[in-house]
Amino acid sequence: RWVDYNARLSTVFQETRPVAEVAILGRTADHWSATGLERDPIHLQPGYLHRLWEPLSQLGIGSDYLHEAVLQSAEVENGLLKIGPMAYRLLIVADAVSLGPETADAIRRFAECGGKVVFVGHAPDRAPGLMNAVGNDGKVRDAIKAAMDAGAQVRGAPPEGVDSRELREWTGGVLGQVSFPRTLSVRSPHRALYALRHRAPDAYLIFLANTHREDAIKTRVDFPLGDSGLWRWNPETGERDPYEWAQDAGGFDIDLHPLESVLVVTGGKRKDMPGPKEPRQSPGTFRIATPWTVTFFPVNSDKSFELTLPSLEDFTTNGDPRVRTFAGTAIYRTTFDPGQSGFTSISLGRDNDFISEVELNGKKLDVIWYGSRPLELGDAL
């Protein structure tokens, strides 16, 4: 199931073009000068650098990390930094003291053509290396000053050890400082909700993933759909269906269970699509209180054993050492009377660590291989 899911998404992502509007440049030259090419300084300093993609994605914005050599070869046009098929509206330079003169000049050209540039911490003022150091330092200072005159700005760095929410607020402040245009925006950002946007010749694709193991996430995604219809491509099954939740010209709603993801694709005219589903209505929660008979099939033994457990419990807290250290397959059985409840689905709760196949009255409902999504009962109850 995981391989199929991954293969479908990988194919879609490889056959379409990512949309990333923010470019991030680290302080590689400074690391070389101070410590050489040591892994920890480059990957861990400054502490926020290699986390920046996360708050950007939580806000609905794609980003890429650039190397100076790539930046030097970029083209600039109408406020865009163009590198191959990619086009960036904002360049964030993270705590760099030194830049190559060619890099500083590329930043100048980008700023002067209307591009948005933010220097975090301070503006670079020197070049790396000792060859013609004075002259190269002067070139960097002149280019950065010209970029500042053209609108580039400096912003203080986030404090060390900043948490996810604080880093997202800091990142939002950077975007607001430069009046960054938001094409896609998550109305209520969450530290566990990530957005990825791709472009096909005739469609936009938006991948949203709730990475939280316990919390469902409901929010609105603002995106200029116009009169375009929406489809849900299910990477678990390969099926494509009209998008099921509310949508209009300015965006759409999402409702993701723990660890659930969705691939939303534009296409067709909205007026030709079926109407969205009503919001999920639940008759409440019926908790099964009857004991469970559990048959254990250990992975390292041909002998099974059976116990009665009063409730679904964590094996590691059980007093029986066979259960406390169990690995293998366990089959739970119980009988219960839901009464005249009107229930339409069943949930195993926060069962994120196991693959569970569920049957009710001898009818197979489904297999839960991630998260805690509910299973539709159909006519099994």
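**Entry 1: a strand in the middle**

I started with Thr295, which stands opposite Ile331 in S21. This is a predicted model, where local features need pLDDT of at least 70 and side-chain atom pairs count only at pLDDT 80 or more, while totals for chains, interfaces and linings use all residues. Residues are numbered from 1 along each chain as its sequence is written, and side-chain values use heavy atoms, with hydrogens and water left out.

My labels come from DSSP runs: helices are H or I with at least four residues, strands are E with at least two, and the numbering starts at the N terminus. Two strands pair if DSSP finds at least two bridges between them.

Then I checked the links. S19 (residues 292-298) is joined to S20 by 5 bridges and to S21 by 6 bridges, again antiparallel. On the S20 side, Thr295 has Glu306 as its bridge partner, and Val294 has Leu307. A hairpin of 6 residues takes the chain from S19 to S20.

Buried is under 20% relative accessible area, exposed is over 50%, and partly exposed is in between (1.4 Å probe, protein chains only).

**Entry 2: the parallel sheet**

I moved on to an open sheet of 5 strands in the order S3-S2-S7-S8-S9, with parallel pairing. Its edges are strand S3 (63-66) and strand S9 (153-155), and each pairs on one side only. Here too, neighbours are turned by 25° on average, direction ignored.

I zoomed in on S8 (residues 116-120), which runs parallel to S9 and is joined to it by 3 bridges. Phe119 stands opposite Val154 in S9. Helix H8 (residues 164-177) lies across strand S7 (90-94), S8 and S9, and runs at about 160° to S9.

The protein chain has a mean of 91, with 95% of its residues at 70 or more. S8 has the highest confidence, at 98, and helix H3 (residues 39-44) has the lowest, at a mean of 68.

**Entry 3: rings**

I searched the whole structure for aromatic pairs and got 14. The rule: rings of Phe, Tyr and Trp (its six-membered ring) pair if their centres lie within 6.5 Å, and planes under 30 degrees apart count as stacked, over 60 as edge-to-face and the rest as tilted.

Tyr204 and Phe223 have ring centres 5.4 Å apart and planes at 75°, so I noted them as edge-to-face. This pair links distant parts of the chain, 19 residues apart: Tyr204 is in strand S12 (residues 203-210), and Phe223 is in the loop between strand S13 (217-222) and strand S14 (228-233). Tyr204 is partly exposed, at 27% relative accessibility, whereas Phe223 is buried, at 4%.

Tyr243 and Phe252 also sit edge-to-face, at 5.5 Å centre to centre and 75° between the planes. Tyr243 is buried at 3% relative accessibility, and Phe252 is buried at 0%. Elsewhere, ring pairs link Trp2, Tyr5, Trp369 and Tyr370 into a cluster.

I also looked for charges over rings (NZ of Lys or CZ of Arg within 6 Å of the ring centre and within 35 degrees of the ring normal). Arg240 lies over the face of Trp233, 4.0 Å from the ring centre. Arg322 does this over Phe305, at 4.2 Å.

**Entry 4: Thr219**

Thr219 is in strand S13 and is buried, at 8% relative accessibility. What does Thr219 touch, neighbours within four places in sequence aside? I found contacts with Val186, Arg187, Ser188, Leu193, Phe252, Asp253 and Ile254, where contact means heavy atoms within 4.5 Å. I also compared Thr219 with Gly62: they are 157 residues apart in sequence and 19 Å apart in space, C-alpha to C-alpha.

**Entry 5: helix H2**

Last stop: helix H2 (residues 28-35), where Ala29, Asp30 and His31 are buried. Just after H2, I noted Gly36 with a positive phi of about 80°.

Notes. Axes fitted to C-alpha atoms, helices over the stretch in contact; angles between N-to-C directions. pLDDT = per-residue confidence, 0-100.
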